[in-house]
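Let's take a walk through this model together, beginning with a strand and its partners and ending with a pair of helices.

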Amino acid sequence: MRGLFYRVKRTAAHLARYRHIMSVLIKYGFEEAAGIIARRFRVGLGSKGFPTARREELAQTSPARRIRLAMEELGPTFIKLGQLLSTRPDLIPTELVDELERLQDQVTPEKPETIRQEIRQQLGAYPEELFETFEPYPIAAASIAQVHRVCLKDGRLAAMKIRRPGIVRVIRTELEILEDLAALLKGRLRNGQAIDPQRMVREFAQAVLKEVDLSRERKNLQRFRQNFADDPTVHVPEVFEEYCSEGILTMEFIEGIKPSQVERLAAEGYDTKEIARRGADFVLKQVFDFGFFHTDPHPGNFFVMKGNVLAPLDFGQVGRLSRPDRQLMQAIVLSIVSGDVTRVLQGLERAEMIEEQTDVLDLRRDLEELLDTYSHLPLKDIPFREAIGRGFEIIRSHHIQPPRDFTLMLKCLMTIESFATGLDPEFQIIEHLKPYARRFMLESMKPSGILRQLGKAAQGAGELAGRFPEDAAAILNKVRRGQFRIHIHHEHLEQLERTLDNSSNRMSFAIIIAALLIGSSLLVAQEGTVLGLMTLEALGVIGYLTAAAIGIWLLISILRGRRF
């Protein structure tokens with residue numbers, strides 16, 4: 001009962017936002033989706049339709065673009081959701097991924113006094129007390145945080161990233177609304193659909209709540225700095241921990257040129273081909289050497305410093321790859337090179353990504369067709385982005401469920417290929433990938449690596465053998481006491497139970513209606529009163545009206561549910 005009361009209270013609190021969401025959906029031609037929300041939450045649509053010119057304009061705009069425009073209008077949380085969805089080509093079509101990649105935060109910076117008070121709350125002092133100078137207006141502003149330039153007391157320049165005050169509360173509220181909408185959408189999807197909206201929202205919630213915690217970003221940054229401490233081609237900014245908190249991250253101020261400014265780089269004597277190669281190496285080292293990677297290496301998240309040194313920025317979103325994930329990536333790369341489908345299938349089976357409904361023969365045929373398209377091409381001519389994009393189409397169509405971070409890694413490689421080809425049109429990432437994959441395979445075949453694996457296997461077998469007598473004794477004791485049970489779960493049985501419940505309820509109402517009609521027919525023909533208050537005839541008419549009301553309600557519920 002408390003749960004029901006909470007849901008009703010939460011829905012009532014969000015009604016204004018639901019109305020806004022519906023108006024935006026209608027504006028961009030998604031009336032059916034708005035209607036579903038209106039029926040679920042009993043909210044009026046408040047619109048009677050569009051002028052003809054508007055309808056023609058919508059008809060000429062692709063659904064993917066309309067989704068992107070709607071997300072931009074719905075504000076920061078939906079923009080962030082779209083940006084994260086653009087990293088999941090295993091879940092949504094390529095056309096929508098390409099469109100969502102264009103989502104941009106266009107937000108007004110916070111007022112200087114608001115930021116000043118936030119620094120006081122986070123660090124215990126006002127900026128003029130902490131720093132030599134503090135620029136009150138940001139050099140960059142996004143939906144979650146904005147960045148200010150400061151000068152420390154010792155004269156060093158720093159970039160201070162400050163979380164927007166109140167943004168955590170706003171995001172949590174919006175996440176509740178997204179959870180409701182995802183549950184509503186899931187109920188409308190047909191069985192067998194690969195997409196799971198509730199799972200997507202859960203993953204989004206985890207990712208965005210991590211991103212608003214700047215202490216996590218500080219730890220990520222420090223780990224990157226440690227991993228690339230000996231690499232002269234990469235400079236990871238220094239963190240100034242004394243000026244950091246959960247809502248503030250202060251790091252070294254980086255001065256450089258964006259990699260997207262190719263003409264300026266060339267004019268100032270930078271080697272763009274070398275920068276492209278270093279960008280690819282930066283990502284491949286993260287994937288194969290560290291298993292810890294920056295999930296969005298687009299040009300906006302880098303500066304190029306003197307000496308063609310790359311300085312990565314924004315460490316809020318990172319991924320982690322297990323050793324089996326890296327082994328699967330190695331299998332995919334080597335199978336593309338050798339045209340060996342069996343190696344990919346074995347890798348997918350080992351990683352337990354193949355679902356029950358996957359037809360393995362169909363999957364093999366599609367993979368063979370994919371590899372056959374590229375296997376005859378020289379390595380330098382294989383279009384990596386196109387090949388991976390087609391691979392994602394196969395993933396979606398065959399219900400393969402890759403881990404989130406594995407997909408992020410593939411998307412990350414597609415992004416860095418775009419980064420590199422923007423600087424060097426002849427760059428081919430597949431040529432860079434191959435030696436990393438071979439080196440990873442050779443390392444796993446080294447005697448030390450084999451011994452390590454054997455040691456783990458022996459340790460696991462030993463632990464299993466050690467526990468066996470206790471486990472066997474526990475099972476025998478349960479059998480002896482009659483407490484040994486085997487639970488059998490029959491899939492879709494819950495749906496059958498709901499169907500039977502609905503049918504029995506409708507039959508009960510039908511019997512009640514029939515009883516009311518018969519009883520009322522007997523009463524209207526009689527004379528007399530009930531306790532002197534009402535005639536029997538009037539009581540019979542009330543019975544007719546009650547039967548009619550119940551009958552109409554039952555008919556509407558059947559028509560709404562489309563179960564007839």
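Strand E4 (residues 157–163) is largely enclosed by the rest of the structure, because 6 of its 7 residues are buried, meaning under 20% relative accessible area with a 1.4 Å probe and protein chains only. Strands here are DSSP E runs of at least two residues and helices are H or I runs of at least four, numbered from the N terminus. This is a predicted model, in which local features need pLDDT of at least 70 and side-chain atom pairs pLDDT 80 or more, while totals for chains, interfaces and linings use all residues. Residues are numbered from 1 along each chain as its sequence is written, and side-chain values use heavy atoms, without hydrogens and water.

Now look at the partners of E4. Strand E3 (residues 145–151) runs antiparallel to E4, joined by 7 bridges; pairing requires at least two DSSP bridges. Cys 151 sits opposite Leu 157 in E4. The two strands make a hairpin with 5 residues between them, and Gly 155 in the turn has a positive phi of about 95°. E4 also pairs with strand E5 (residues 248–252), again antiparallel, over 5 bridges, with Lys 161 opposite Leu 249 in E5.

Next, the helices. Thr 407 lies in helix H19 (residues 404–423) and is buried, with a relative accessible area of 0%. Beyond its neighbours within four places in sequence, Thr 407 is in contact (heavy atoms within 4.5 Å) with residues including Arg 88, Asp 90 and Phe 392. The contact of helix H14 with H19 involves, among others, Ile 275 and Val 283 in H14 and Leu 413 and Ile 416 in H19.

Conventions:
Buried < 20%, exposed > 50% of the residue type's maximum accessible area, 1.4 Å probe, protein only.
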